[in-house]
Amino acid sequence: MLHLVNHPLINMKLNKMRDKNTKTKDFRTLLDEIASLMTYEVYKDLKVIKTGKTIETPTGVVVDKLKLEYDLIVCPILRAGIGMSNGVINMLPTARIGHIGLYRDEKTLKPVEYFCKLPKVDNPLVLICDPMLATGGSASDAILILKKRGYNNIRLLCLVGAPEGVKKIEEEHPDVDIYLCALDEKLNEKGYIIPGLGDAGDRIFGTY
């Protein structure tokens with residue numbers, strides 16, 4: 001269920017992202033780089049299958065043309081998820097892209113849906129992207145939105161998570177694998193991850 005992607009390059013980049021003095025440009029760049037590195041782990045178990053067609057190499061040898069077993073969809077949760085999905089798309093430029101719009105009510109801390117647009121493919125594997133898995137409310141609702149629309153093969157990619165968020169996803173969606181590069185200590189009274197890295201959306205887009 002929970003996969004912690006532990007790599008020295010990721011750990012160093014995440015450490016820089018946690019620094020409150022890291023500027024927006026550098027924060028975005030680091031997030032792109034980490035998401036790209038995590039992509040290898042997220043999809044490492046996929047099978048490569050034959051298409052029934054062939055290709056010819058420059059040496060004149062004919063070999064089978066291959067493809068991944070699933071049609072990949074990358075689905076960021078707006079808005080912060082866009083900052084993470086870019087790094088995934090860098091590794092998978094042919095993947096289709098969906099969007100789910102959710103915002104957190106500042107009083108109730110519960111997510112509110114305002115937008116959903118998803119591509120239709122034959123054999124989808126959907127990767128939800130959101131940098132922070134805090135209470136787990138937004139991620140859980142996004143998964144539910146996908147399932148109601150018939151997308152049942154789902155994975156969740158986040159940068160940093162809190163135990164509370166991980167527990168919620170595990171209890172409500174035990175069929176969804178979670179990929180994090182750090183499982184932090186806890187949530188504070190405002191629902192922010194501790195130690196965390198602040199509001200990821202504000203830091204990505206410079207809306208402090």
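Predicted model: local features only at pLDDT ≥ 70, side-chain atom pairs only at ≥ 80, totals over all residues.
**Helix pairs**

| Helix pair | Axis distance | Crossing angle | Handedness |
|---|---|---|---|
| α1 (residues 8–18) and α2 | 10 Å | about 155 degrees | left-handed |
| α4 (residues 137–148) and α5 (residues 163–172) | within 9 Å | roughly 25 degrees | right-handed |

Helices α1 and α2 pack at an angle of about 155 degrees. Because angles over 145 degrees count as roughly antiparallel, α1 is roughly antiparallel to α2. On the α1 side, the contact is made by Leu9, Ile10, Lys13, Leu14, Lys16 and Met17. The partners contributed by α2 are Phe27, Leu30, Leu31, Glu33, Ile34, Leu37 and Met38. By residue class, this contact comprises ten nonpolar and three charged residues, with no polar ones.

For the second pair, the axes of α4 and α5 cross at roughly 25 degrees. Angles under 35 degrees count as roughly parallel, and α4 is therefore roughly parallel to α5. Here Gly137, Ala139, Ser140 and Ile143 of α4 meet Lys168, Ile169 and Glu172 of α5. The residues of this contact divide into three nonpolar, two polar and two charged.

Helix α3 spans residues 80–91, and its buried residues are Ala80, Gly81, Gly83, Met84, Ser85, Gly87, Val88 and Ile89. The elements that cover these buried residues include two helices, α2 (24–42) and α6 (200–205). Strands also take part in this cover, among them β4 (71–78), β5 (96–97), β8 (124–129) and β10 (154–157).

**Cis peptide bonds**

The loop between β4 and α3 contains Arg79. This residue is joined to Leu78 by a cis peptide bond, with omega at about 0 degrees. A cis peptide bond also links Ile194 to Pro195, again with omega at about 0 degrees. Pro195 is located in the loop that runs between β15 (193–194) and α6.

**A loop residue between β2 and β3**

Thr57 belongs to the loop between β2 (48–56) and β3 (62–68). With a relative accessible area of 26%, Thr57 is partly exposed, because this class lies between the 20% limit for buried residues and the 50% limit for exposed ones. The Thr57 side chain makes a polar contact of 2.8 Å with the side chain of Thr59.

Definitions and conventions
Residues numbered from 1 in each chain as written. Heavy atoms only, no water. Helix = DSSP H or I, 4+ residues; strand = E, 2+ residues; numbered from the N terminus. Buried < 20%, exposed > 50% of the residue type's maximum accessible area, 1.4 Å probe, protein only. Polar contact = N/O pair within 3.5 Å; in protein donor to acceptor, adjacent residues only side chain to side chain. Axes fitted to C-alpha atoms, helices over the stretch in contact; angles between N-to-C directions. Parallel < 35°, antiparallel > 145°, perpendicular 65-115°, else oblique. Left-handed = near helix turned anticlockwise from the far one by under 90°. Contact = heavy atoms within 4.5 Å. Nonpolar A, V, L, I, M, F, W, Y, C, P; charged D, E, K, R; others polar.
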